[in-house]
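Welcome! Open your viewer, switch to a cartoon view, and follow along as we go from stop to stop.

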Amino acid sequence: MPTYLDLPRPHAGQKAILRDRRRFNVLACGRRFGKTSVAQPLLLEPAIKRGLPTAYFSPTYKTLTDVWRDMVRVALPVTTSSNSSDHRLELINGSVIEMWSLDNPNAGRGRKYARAIIDEAAMVRHLKEAWTAAIRPTLADYEGDAYFLSTPKGLNYFYELYMRGIKPEGQPDPHPDWISWRRPTLDNPFIAATEVEAARLDLPERIFAQEYLAEFLENEGAVFRRVMEACTATPQAKAIPADYNAGTPAHQYVMGVDWGKLNDYTVITVIDTTTRELVYLERFNQIDYTLQRARLMAVWEKFARPPVYAESNSIGLPVIEELIKAEVYVVPFLTTNASKAQVIEGLALAFEQGSLQILPDPILTSELLSYEAERLPSGLLRYGAPEGKHDDTVMALAICWYGASIPSQVEYGPDLWS
């Protein structure tokens, strides 16, 4: 009786890759295209049909774990032994499937494989070293093949490998054993077009182009665009009152605060939600929190006591509690990787759409222009300043814009607490 494995059926985009593949294959694809689901049948194919060993490589041990568990489940009917410590499966025909973390670029060195799959290749920190010194030699005995699967991440070594598979028109092919594909998310028929469109509307243009359209971008880490175009805001020393003779209502405001920690700075920002402008920015450090609280309350009074969105991490929470006792309307903002992504992406989108104007402050513009996004092996994006630099003004502005973007907040009048 034949043995059946519960493998996913390839969709049309995956079938084209399986049909046209060569010895060395590079797939640049959008999120949820289905690259990892392609890895399972590719690993099993030489192992089952030819009885030859294969290997799967992942950027980190953490990302390897989930794929390992799924492979154990899928291959169970043809498995004789499974070693979760070594991530090694022995099959009924004597072949072996091994899985490695490329936290160690020498992973797999000394083995021999008929096929190697490098998943999330753009995320591997030392991809060139791992490929040339460790993985490529493992393919020599069986003249094995390799697959590099990943969403792009700038013009790194994965991009260099991708370009090997792009065939020059009308010229000799310098890499006939290589082929490359670029497949956007929508090439997966099981992903709704409405979902991708919703992501396009929610995400900054560059992030959408990389993560969903699988485009290779220069300066991949840059988050904010059109920053200098937005430097047209007019500073205000205090709230603009209503001009009843002209029939003009009072301007509405929102404040954002990022508290300084150790050598960081405390930053206070104020956005005029009537004009959609950053109208006040104050940055300071090395003063005690009693004085910081007093400075914030002084600004709060000048701008007609608006809602204050303040970071609540670490020392933020006790300061917020003191502000609430003083009848300051504070909305705590807990900074996590997810909440940070939400406010940073919202701010980046505001710049791209021209929805917000900022003050031409050199520290602010410098922090915005150098701000980076790093895609983690888990697929999530981590935002932050480059090593050795600050992002205090960026976070204060992002939190403030988040508050200004909530429709209910623009309803608060200048006499809310009077």
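Which residues have the most contacts inside the largest nonpolar core? Bear in mind that this is a predicted model, then select Phe224, Ile344, Leu347, Ile358, Leu368, Tyr383 and Leu397: those are the ones, in a core of 41 residues. Next, colour the elements that give two or more residues to this core: helix 6 (193–202), helix 7 (205–211), strand 13 (330–333), helix 10 (337–353), helix 11 (362–370), strand 15 (381–384) and helix 12 (392–404). Helix 12 supplies the largest share, eight residues.

Zoom in on leucine 347. Leaving aside its neighbours within four places in sequence, leucine 347 is in contact with Phe224, Leu356, Leu368, Val394, Leu397, Ala398 and Trp401. Now look for a second, separate core: it has 27 residues, including Cys29, Met71, Leu89 and Trp181.

Eight of them form an open sheet with mixed pairing, in the order 3-4-5-2-6-7-1-8. At the edges you will find strand 3 (79–83) and strand 8 (178–183), each pairing on one side only. On average, neighbouring strands here are turned by 10° against each other, direction ignored.

Valine 26 stands opposite serine 180 of strand 8. Helix 1 (residues 12–20) lies across both strands, at about 175° to strand 8.

Strand 6 pairs in the parallel sense with strand 2 over four bridges, and threonine 54 stands opposite arginine 115. With strand 7, strand 6 has five bridges, again parallel; there, aspartate 119 has leucine 149 as its bridge partner. Trace the chain from strand 6 through helix 4 to strand 7 and you follow a right-handed β-α-β crossover. Helix 4 (residues 127–135) runs at about 170° to strand 6.

**Helix 3**

For the last stop, select helix 3 (residues 61–75). Its 15 residues should span 21 Å at 1.5 Å a residue, and its end C-alpha atoms are 20 Å apart, which agrees. Among its buried residues are Leu64, Trp68 and Met71. What covers the buried residues includes helix 2 (35–49), strand 2 and strand 5 (96–101).

Notes
Residues are numbered from 1 along each chain as its sequence is written. This is a predicted model: local features need pLDDT of at least 70, side-chain atom pairs count only at pLDDT 80 or more; totals for chains, interfaces and linings use all residues. Side-chain values use heavy atoms; hydrogens and water are left out. Two strands pair if DSSP finds at least two bridges between them. Axes are lines fitted to C-alpha atoms, for helices over the stretch in contact, and angles run from 0 to 180 degrees between N-to-C directions. Contact means heavy atoms within 4.5 Å. The expected span of a helix is 1.5 Å times one less than its number of residues. Buried means under 20% relative accessible area, exposed over 50%, partly exposed in between (1.4 Å probe, protein chains only). A nonpolar core is a set of buried Ala, Val, Leu, Ile, Met, Phe, Trp, Tyr and Cys residues joined through side-chain atoms within 4.5 Å. A crossover is right-handed if, with the strands pointing away from the viewer, the path from the first strand over the helix to the second runs clockwise.
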